[in-house]
Every structure is written in C-alpha cells, then in structure tokens.
Amino acid sequence: MVRCFLIHTVCPISALSAGECRVLYSRVFGPDEAVLSEELQELNPEERRLLQKEKVAVVARQVHSAVTLSREASGRQLVEMVPGEEVLALQDADSGVARLRAGDPFNEEMSVLWLGVQSLGFTLVCEPHENLLLAEGTLRNLTRHCLEHLHMLGPGSEVLLKSSRIDVLLSRLLPHGQLLFLNHRFAQSLEKEVAAYMAK
Amino acid sequence: MYSHGSESLMKQAREIQEPELQKFYSRLVKLLQGKELGHETVDSLQRLHLILSATKYTRTLPSELRTRLLSLLSSPVEQLQVLSSAVLREMSPLSGEELNYIQENVGHLNSHTAALLLSKAGTRADLSSVCVQLLRGLDNRPSEAPAHSLMHTLPVLNTILTHSPECLTEDHITLLSKRLVDWLCYASTVQGGGASSGRFFTGPRSRQPVPIAELDGSSVSGNFFTVLCVGQGFTEDQWMNVYSFSMLHHWLLTYHSVSIGNSTIETDDRSEVDGSLVSMVSATSSSSRLLPPKERLREKAFQYCQRIIEQSDRKAQKKTDTDLQKACLVEAVCILDCVCVEDASLVFRTFPSIKGLFGRLSPDLSFARVLLPIAQFYLNHGEMAAVDCESVWKLVFGQFPAELFNDPFLAHELLRFLRLNLEKFQLGVPQYTHFFPNLLKFLAWDSPAVVDDFVDLLPSLVTPVTAVELLHTLLDLPCLSATLILQLRSTCLPISEQGGRGLLSLDAFRNPSFRGLFLFMLRGEAGSGDTIDRLSTLHDLLAEAADWPRVVHCAQTVPVLLHIYFSTVVMVADEKLLAHLILVMLERSSILLKIPTYVKEIHRVFSCHLLRMCKLWPSLVVDQSHELVEFAGISGNVYSKEELYTHVVWVLGEYLSVSCDSRCSVRLITSCFETLEAVLFEITSSGTPDGTVCPAPRVITTLMSALAKLASRSHDLIPRVSLFLSKLRTVTRSGSVAWCSDEEDLVAIVTRGEELWSLLKAPGVAQSVLTPSPHITTPQWHRDTNVAMPLQLRALTSLTHPQ
C-alpha cells in the first residue's frame, strides 16, 4: 500500500527562506498508525493529528535534502519550463528512492519514491515489499496529471485551491493507496473520468 | 511554481482571525442551505479546506456546519462528496451520532465516505465495522447502486488488512477467497458495455459480443482474462480482476504466510518423497474444485501468474504496456515465490517457467529489476529443487553493480534484497563477501541515498579474509567515486572535448599507461591484491576531482563507515590481523585523496580506533613498536598529522612496558625514549620550521608524559627527563617562547612539566603512578575475596547481631 502522497517544494525559492520546505498537498491513506500502535495509545485526537502532520513534514524535508544532493551531484542545470512543456519537464525530472527506517518517522520501515520537477517534489511513501516498478510508473503518471490539470508549470497557486482535483485523481489512479496494474485501455478509461471531472 | 502569491495565500489561511472566520462559517452555512449548490459553494468549501489544513492545531466547526457537511457525503455530485470528505478528515473524530448518521443515510458506502471513515477510525472496532459494511455491500448490492460502485471495496479492505488483519474473521476470509478466485479466473472474456465499435452504423448486428485481445493484438482464444488483456470497454468483473490482482500479493502475504516451524517440517517431508510423484499428487486443475477456498485461491493465483509470465513475452503495441509487462512480471514472480513458500510441492511446477524467464531475461540489462525477484526465488527454493544458482549470483553481484551502479532504483532494490536475506547468504552463498568492491560502487556513486543500507550491510562484509583489502577500499572510496564518473563520461563524451570539465583526469583515464590503476579501482571482486603500489600517482591524477560534488558526498560518508568497520573488525580479527591493520593505518595516513577536511576526519577515526585496539590488546604496541617509533620519530608528523601523532605517542608511552608484553626490553624503551626526546627538543627549539605554525600544546604535553612514563620504567632515563623539564621551566620564565603563542597554553604546559618533574623525584612513586600494574587499572573488587562487598556485609552482620 502507499501510505501517503505529497507535493512539496524542493529547491530554494524566492518566496521561502533557505532550507524551508512547504507542503502544498498531502494525503495520508488509511487510518492513523498512532491509533493502532500500543505505545501511542495515550495520545488524544488533537495530538495524533499533530503527529501525523509532523511525520509528513519530516518526509518532505528528507526528500528536499535528497533532491538537493542529487541535483548537486549530477551537476545538471535546471531549465525553466513553461506550461505546455509538461512531458518535457517530466522527462527531465530527477528521480530517486530512499529508505526510511522503522520509527523514523513511520512505525515501520518505508520506501520513499520521489520525482523532482523544477521546484516541486512529488513523493510516494510505500511499504517496502510493494512493487516499486509499478509505484514508479504510477508516480510518474500522477505527476503528469497534476502538472497538466493544475497548470503547475506556471506561477500559480492553483494546487492550494484545487486540492479536490488531486483527491479525485488519487481516488481513480491510487484508490485508498492501492497501486493498480492498469494497461493503457484501463488507464484511458479512468483518465477520461478524471478529465471529465476537471472540466467542470 | 510556488510564488509569493501562493505563500501569502498560505499565510492568510493560517492567520485568519476568529471573527472573520466565524463570518465565513455563517456565509458557508447559508450557501449550503440553498437548493442549488453552485460554483461559489464549491469555491468556499475549497477555501475552508485550505484554512483547516493549513494549521497544525485543529479548528472547531460550528455544529450546524458539520451536519451540513455530513449530508454532503451522500450528494450525487462527486465534487461535493470529495470536498466534504476532505474537510471532515481535517476535523476532530466523528461522534457516535455522526457515525450512525453515515451508516443510515449514506446508503451504499461511496469511496470518499469510506476514506473518511478509515481516516477517522479510532479503534480496531471502527475498522471492523467498516469492513463488515463493505462486505455486506459485496453480498447484496441494491439494484440502484451505480456501476463501478464495487471497485473501491478491495482497496479499502486492503488498507484495513494492512493495519489490522484481525479485523477480518475466518468467514470473511473464506468469502473473499471465493470471490477473488471468481474475479481472477472467471471474469468474462468479452468486451464490456460502453464499447464503441467505432463504426458509423450501430445496429443490432454490431452489438455482437466482441472478444478481448492480448497486448499484441492477437486473440485471447480460450484463456482467461488478466490485467494484460485489452478491449474497448470493460465489464465490472473485468475491473474486479484488475483490483484483485493488484492486491493479491498482499492478501497472500497476510493470510497465507506459514510459520517458520511448519515450513521446515514440510520441506523435510517433501524432500524424502520423489519430486515428480509429489507434483502429480498435488493439485491438478480437475481436482482443484474440491480444494478448500484458501488452497483453491493459491492454485488459481499460481495459474494466473503462469499466464502473466506467458503474456509478458508478447510484444506490446504501446510503451506504457511494455512497462506494465515488466511490473507484472515482478509481481507474478513474487506471488509465485509466496505460494511456493506456503506449499513446497508447487516448486517443481514453478521452476521450469522461472528458469525459462531467467534464461530469456538475463542477457538484457533493462530487465535487471525483474531479475531480482527471480534471484529471490532461486535463493528460497533453489536448494530444494537442486538447481545450480552460480550464474544467478554472478549476475546479481558481478554484473549488476558494475554496469548499473547509477540506477537509483536498482541500487535500492538490490541492497534491500541483500539486507533482507543476509542470513541466508551468510549460510548458503558465503562468497558474496568477495564482491564487496562491486557493492561499494553503489555507495561511491550515490552515498546519501544508500549509506543507510551500508550501515546495516558493512558488518557482514568484514571477515578476516577481506578485512585488509576492505580497509584500503573504504579509504579510497572517493577515488572510486571519481573513477566511476570518469568511466561514464568517457563512454558518453567524444574523444576530443573542448574546454570540458575534468579534462586532465579524463585524459589520464584514457591513457593506456595509467589503465591498470583505474582498472584496479573498477574491479568487481576482491582477492587480486589489497592495494596498488602507485596509489599516490592515482591520487595525483584525480586531484581535480576533490571538489566534484559526488566525490565530496562520498568522502563525507567514509568516516562513519570506518567507525563501523573498526567496531566490527575488533570482534572478528586476531592479534596478527590487528597488527597488520595498525600498519595500514600508519601507512595510509599520508596516502589519501586530498579533499579538504577528509584527511583530518580519517586521522581522527584512526586515532580513536588505534586507542581502542591497543587497549584491547596492549601487546600490539610492543609487537609493532618498530613502525610506531618510526612514525613518532618523524617530526613533520607533529604538524601534518597532529591528531594521529598524539595518539601514537600516547600508546607508546602507555603500553611500551614489560607488564604489557614480556618482550619489551630496556633497549627498546631506551630507543623509543631517545626518538621522542629528539622530536621534543626539535619542536621546542626556538627555530620552528619556516616559523609558520606552532606545534599543538597537546602534542608537547603528550610527549612529555610519554617520556616520563618511559623513564619511570628505566630509571637511568630519569635524569635526562628532569633536565629537560627544568630547562623548560627556565626558558618559559623568561617570557614568551617561539613555539607557543598562547599564554594559557604555555602555563598548562609548564604546569604539567612541573608535575612530572616533582613526580620523577621519587622514582618508586613515579613508577606506580605512571606505570600502574594491571590489578590497579582493572579493578575487580567484587571478585577479590578480601574486599568483596557481600563478604564484608556478612562479616559485619555476624559481628553486630547478637547470636
């Protein structure tokens, strides 16, 4: 299962101070793991929510530094892209995978897959036994849709005010965190539904 | 992509004041009371979601607003379902009344409501009730339920069994096993409704059922439907086929895992029976109907995966489908591995296709990630099927790291494979440790991403056979990093490159006379020599690589790994090996790639572990005294290797004594004394080399202490030390000295000198203070019969208590 999907900033942006990382969208699938673990039983709902937000922030920061190091190591220059060049932006994107140890921050070990497109990072946190080939393909697909439907290559704040679109996208392509084996026909059918929703 | 506008929007959402917020709430309630919920309502709901999710603390909604939002969960407009679910997810948990409301009014549980219930579940009981609700929906679906309403059932169930597998009862498991079998193997093989035939004239004739096709266009001809079948439209059970396969592996892992005890008994029994007989006796398709549901599901999963493997060989017409075929192969092999672990008789039926896959895919490196699950299958079942796995390990450890070190996903998966099966490898494939030069290529290329894995893997690679070569390789990891970069560059770039970066080192890489050096770096297996003679030549050639980011990242991880290495090696090495390692440390302290702070960090690690090793085996110092004294005699080391020098002098002073090793002679002590004395004289003379830098005060005090210690063991050396120390006092009394710039440091040095001088005035005392015998330094008072506490107490008690 995918535990969560995030969209967050990954590189120095003029709007933020250095090293600061802003989470633009986060969706945690399934019940809160604090509810079902013995050690965290005494937390009240308020604390649990805070804990979950902190965990998401930790993941975002880890990916932020992973992307920074990866871009530094590869030495490639970031080329500014404009709306319309989504496919190119995706091809050019940095990608990687990291391991999160048990307890840091999730109760069990997790694998974090990330895609760095310009100044945004798209991250999937999955359980380690998951099919990472499928997860990688799903992440790329999700990113492409987000970039296209939310015009993310432009300077907009659309993602903040159109989070319901991402929710619908996830409900079709990654329902409740389930990775799906979709051949191009099945994918087309789902994407048609998503496109119909976005058009409204 | 994220502008100042976005940032200020976030700020506004976070800092909205209470009065304004209340106004917003009441406006929203009014909007929701209206008959038509239009664009403005949707927009406001979206803003509400932003406001609620922007803060870390939970805001409270007025109860009327909450009620209105709950009612939206069953709205026919999906957008409203989505938004209300998203907003309620950010709120405090649902009360009992609210949960009842949902159960009664939301009717058939839609996907977004299910998401809300899952996310707000407070106990396992809550999850169980969601589960029960869903399964009830599976059994008796109301006729007015929309098409595709079943589809989120399996994902939600998969989520529940991820977190709390006990929520499903035995009956549930049986029911679902049966349904899964139906969906997997008995889905319809004709195209679904809504299929546009693509023709202009749609009459009754064209409504004939069109069969589905394989990915390469050929017909499915009698086989069952799988995720690798295509059609214009799909029926519901074909969708369920996709969802079922997507969760099959996890289902089998959760409910079909066999305990370790059982499986060993099973394999023992099986190995006694003739393999072919067992495979005949085990489930054949005709008798599978008689199997209980779990076993039937296992059999059907087996058949599905075999079909997937066959289908993956077809040439798909679209690239996305080719990628899907790869992912399906990985999944199929993992599922087959899972069912074979559960039922060992399936191994004989499975191995032929796995072997065929291996043969087909191993020459093609683009299938490397598919070959890893195949390697796992060989590891788990190869012994039982008496299959030779040599070629598999050669591929996985020999070829993959050498050619695919820069694929981050392969690196992650290969290292994870190694980590998870470490014990099996140590028992069954112990030669994997010989591939450490290859495995370290992953680390050299992308240290930040994989260093965590190596923290776990490195200890197992440290064996008495590999220890020395491994140390050299770890120290030269930045060189390996640079070499890999050059290797990739030389294959990508043309021979002549104008003004390219790294021109000098690239030329050197392509130069035949230096070929051997680089080839040694790039070797895949250990055993061809610990290191090369011309190592410093290599370092010079790679000098410009010292500021390449990848090399710098790598250099930052080496000290951490060296700590792990040394901590492990003291547990597996004997004294002889440790002696050899001390020599390596002394030798390599000057042969390191010149990256700023790298050399200093390595020296620090060396110092720390030299100390530990000598503490564990004090006789090492006498054993290696020749090299250690030689190192201490080079006065240049005081300045260039201050940390290491200090520690070498300290261990010489501390452990060069008869009580540590009986081979320590007076002559040895004297020669060491003279060497240290000479250096001390030199660095405290007024003419420092070039008058540049002063020796660190700690070096001076350590030298003085060491000399005093040595003198306390050979009393005729005492006058020489005392003379020096009194001279020191005189010189410093006259004011500042050239070899010490800081006044406080000078005072400390002089104070130490005076302490030592007064101590040495009484040689017997000096000896017991500076060379204490072992029973003082390692007290074991609790074992000493005279001082053991219990005995004392018993004695006291018997004395004080009246009989």
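Arg3(A) is buried, with a relative accessible area of 6%, where buried stands for under 20% relative accessible area, exposed for over 50% and partly exposed for values in between, computed with a 1.4 Å probe on protein chains only. The model is a predicted one, in which local features need pLDDT of at least 70 and side-chain atom pairs count only at pLDDT 80 or more, whereas totals for chains, interfaces and linings use all residues. Residues are numbered from 1 along each chain as its sequence is written, chains are lettered from A and ligands numbered from 1 in the order in which they are written, and side-chain values use heavy atoms, with hydrogens and water left out.

**Salt bridges**

Side chains of opposite charge can pair when their charged atoms come close. A salt bridge is taken here as a side-chain nitrogen of Lys or Arg within 4 Å of a carboxyl oxygen of Asp or Glu, and a search of the whole structure finds 53 of them over all chains. In one of these, the side chain of Arg3(A) meets that of Glu108(A), at 3.3 Å from N to O. Because Glu108(A) lies in the loop between β3 (94-100) and β4 (110-117) of chain A, and Arg3(A) in strand β1 (residues 2-9) of chain A, the pair ties together parts that are 105 residues apart in sequence; helices (H or I, at least four residues) and strands (E, at least two) are DSSP runs numbered from the N terminus.

| Residue | Partner | N to O distance |
|---|---|---|
| Glu108(A) | Arg3(A) | 3.3 Å |
| Glu7(B) | Arg22(A) | 2.5 Å |
| Glu109(A) | Arg419(B) | 3.4 Å |
| Arg419(B) | Asp453(B) | 2.9 Å |

What do Glu109(A) and Arg419(B) join? The closest N and O atoms of these residues are 3.4 Å apart, and since Glu109(A) lies in the loop between β3 and β4 of chain A while Arg419(B) belongs to helix α19 (residues 408-420) of chain B, the pair joins two chains. Arg419(B) counts as buried, at 13% relative accessibility, and also forms a salt bridge with Asp453(B) at 2.9 Å, N to O. Asp453(B) lies in helix α22 (residues 447-461) of chain B and Arg419(B) in helix α19, so this second pair ties together parts that are 34 residues apart in sequence. Both Arg419(B) and Asp453(B) are buried. These residues belong to a network of salt bridges that links Arg99(A), Arg101(A), Glu109(A), Arg419(B), Asp452(B), Asp453(B) and Asp456(B).

**The interface of chains A and B**

Counting contact as heavy atoms within 4.5 Å, 79 residues of chain A are in contact with 91 residues of chain B. The buried area, meaning the accessible area (1.4 Å probe) that two parts lose on being put together, summed over both, is about 7400 Å² between chain A and chain B, with carbon and sulfur atoms giving 59% of it. Across this interface the rule finds 13 salt bridges.

**Aromatic rings**

A pair of aromatic rings is described by the distance of the centres and the angle of the planes. Rings of Phe, Tyr and Trp (its six-membered ring) pair if their centres lie within 6.5 Å, and planes under 30 degrees apart count as stacked, over 60 as edge-to-face and the rest as tilted; the structure holds 27 aromatic pairs over all chains. The rings of Phe397(B) and Phe425(B) have centres 5.4 Å apart and planes at 70°, so this pair is edge-to-face. Phe397(B) is in helix α18 (residues 390-404) of chain B and Phe425(B) in helix α20 (residues 422-428) of chain B, so that the pair links distant parts of the chain, 28 residues apart.

**An annotated span of chain B**

The UniProt record, an unreviewed entry, carries the annotation "domain: AP-5 complex subunit zeta-1 ARM repeats" for residues 324-441 of chain B; UniProt positions are given in the numbering used here, feature names are shortened, and annotations may be inferred rather than shown by experiment. The span is 76% helix and 0% strand, and the end C-alpha atoms of residues 324-441 lie 29 Å apart.
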